[in-house]
Structures are given as C-alpha cells and as structure tokens.
Amino acid sequence: MKRAGGRTGRTRSSTAAAAGSLDAAAAWCRDQGWEAFPFQREVWQALAAGESGLVHAPTGTGKTLAAWLGAVVAGWTPQTLRVVWLTPLRALAADTAAALALPLPQLAADWTVATRTGDTPTAARRAMRMRPPTAMITTPESLSLLLSLEDAADAFSGLRLVVVDEWHELLSSKRGVQTELALARLRSLAPGLQTWGLSATLGNIDEAAMALVGTPEGSPRIVRADVPRQLEIETLIPTPMERFPWAGHMGMRLLPQVVDVLEPVTTSLVFTNTRSQAERWFESLARARPDWKLALHHGSIDRELRTAAEEGLRRGRLKAVVATGSLDLGVDFGPVEQVLQIGSPKGIARLLQRAGRSGHRPGAVGRLVCVPTHALELVECAAARQAASEG
C-alpha cells in the first residue's frame, strides 16, 4: 500500500511505547503485503499525541487505515465505547465494519466492532446498549437519536475518537449541520474527544477542517497524502455527430458503443444520475446482452437485492452493476476495472469520486468513461475531464 500517522512533554517510556505501537501497525501492513505511506504514519503519530484533524487523500490510498490503525494501537481499554465512526450512507456500514475488523485479531483481539443504523434489528440495538462495542459505525441521523436517549451521558462518557468518513459528502448540507451539532454534544460528554475527518475531494480544506473539529485549542492537523492517483478519463463520441440530440434523452443512442466498452472488461460499474435512468439502462443492457450477469443498485431497491449486488461486485461475479449515487462512496470493490458515467458528472468532485471506484487500491489506475446523453453534455464531459486533469 504505502499508508499515515506525539505530544511535547511525554516521558521517554510513553514515547517509546507509542513508537512501539506504531511499529506494530506498520508491521501489520507489511504482513498484508503493503508498506505504510508517510501520510498514514503522520496520522498515527497525531492520534497518539491527542490531536484532531483532517486526512485528505485520493480514493483507494488508505484513509480508513490511517485513522483506524492509530486508534487500534493507542492502548485504549475496550470495556466501553471508544470510537464512533460516522458514515454518510448506511449502505456503507457493513463494508466499513468488515474493513475495521480486519486488523483486530492481530492488533487488538479484545476489541469489537458493530453497526448501528436504521437497518439494525431491534434486538441488536438492545444488546448494544447493554454491552457496547469498542467501535460503533453509525450515521448522523442514528447518532442524533442515540444522543437523545436518557443514558447518553453514560454511554458516551468513555468515548475517545470520532471519525467522520467522506466529510465532503456531509459538509455544507443540513446533514453536515446535524453532524456538527452531534459532535459538539459529544465533546461536552467526553472532554478531550479527538475528531478526524476523511475525504478525497475537498477544495476548501482549511475551512472544512475547522468546521469539523470546532474551536479547540490550537489548529486542527491537516494531513495531505502525496500519493499520485492515476486516472484515465475518456468520452464516447457519437457517430454521426450531426444526428446526436440536443436535449431530453437518456443516451440510448450510445447503447451499442457502451456494450463494446463493457465487453472486454471483467467487471464494470455503470453510474447514472437518476433512478429511472438506472432502471432504463439496466433493462436495455439486459436485453442487448442476456448472457451477461448484471445487477441494479439504488436507494429504492430492496436491501437484500442491494446487498447481493454489492457482494457480486466485491467477488467479481457480475459483468456490470448499474447504480445511482448509492455506490458513490466508501465501498471497496477491488474487482471493478472501469466506471462508466451516463450523462454529465455534474461536478468535478463527483467525477473523481466515481472514477475512484475503479482500481480501488494503491498503485492501480482508475478508468472512467463518460457517456453523454445529448450534445451539450459532450461539452460538460470535456470541461470536467480538463478540470480533473488540472487538479
């Protein structure tokens, strides 16, 4: 991989202990066949020093392990809730839980990880209140509900760390305000609470960091990853160009070309901007190539079907999954070799976020193919591609 991560006045023994813990994190990475990046080591060291901040790194370079391994090797006892991991989508909770559980057998065998979202059964919620996990993955909405319970002060009094995943997705929205209010409440219940945000596509990094950590003493630590992420972005050009519509279409004119692009690739992710467009493209691809294993994924699909699509992607069993923004964030689908964007990407951050779903591992090349639905989107795709290349 290559991955990152103390405080003035610590004793020599505590400094040595922290260094030993960080060495254990780096050793675990090597056991997986990776080498920790400098930005990950920087985050580990900042966590050990009690700092809060923001990690800004390209998709697929290891932001999750930068924050998580620093907490795992911190030496916190697991008798109560120590870490809250906020995710913007409950659909990401299961994948995040699996990723967080991976290093625990070697580094913190007594730690436990659990999810608490709207999909969590009542019995599991009750058990979590009776016996809290060491780390809880939840959403801003579920966290707000938990903070309204009468035992919230006791439940969160031992909290040491909050990690806000995909901070750019929440920032500058009502859910972002809700997150900031929840964080302020948590800081009142657990003085000294550390807060870290993770993002790949922020433009206003300093302001985003201040909004995340509030106004503690000193400035938040901003960790930027100097890890180049190679992306290949191209646009399908209709032929003949003169007959391409100017507006009001779903892009079906390019269906044969899309089939040609999907044909040589083992697994692809096809993004659309609306649910109706996703369903239309899924049906059209299924008719064009009934021999392909395809799946559909969006927020109105039954949870079992969404889970099956995600598992098929993860294991490389599907030729393609047609999805909306429900698969934009956080989920690690290693087998995905390319991403197709049907219609305009509507923004540089979204383009980069979706492109990052392919080649989602350090050193891999991300590939995105823009599929315009009408002539004006040819211009939008070109502008987005140029802006992405210029950073």
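Modeller: First, the terms. Buried means under 20% relative accessible area, exposed over 50%, and partly exposed in between, with a 1.4 Å probe and protein chains only. Helices (H or I, at least four residues) and strands (E, at least two) are DSSP runs, numbered from the N terminus. The model is predicted: local features need pLDDT of at least 70, side-chain atom pairs count only at pLDDT 80 or more, and totals for chains, interfaces and linings use all residues. Residues are numbered from 1 along each chain as its sequence is written, and side-chain values use heavy atoms, with hydrogens and water left out.

Now the part itself: helix α11, residues 205-213. Its buried residues include Ile205, Ala208 and Ala209. Leu212 and Val213 are buried as well. Down the axis of α11, the buried residues fall within an arc of 115°, so they line one face of the helix. The arc is that of the directions from the helix axis to the C-beta atoms. An α-helix has 3.6 residues a turn, so residues three or four places apart point the same way.

What covers this face? Contact means heavy atoms within 4.5 Å. Among the strands covering the buried residues of α11 are β1 (53-56), β5 (161-164), β6 (194-199) and β7 (221-224). Helices α9 (167-170) and α10 (174-189) are also part of that cover. Just after α11, glycine 214 takes a positive phi of about 75°.

For context, the protein has 16 helices and 13 strands. Of its 391 residues, 52% count as buried.
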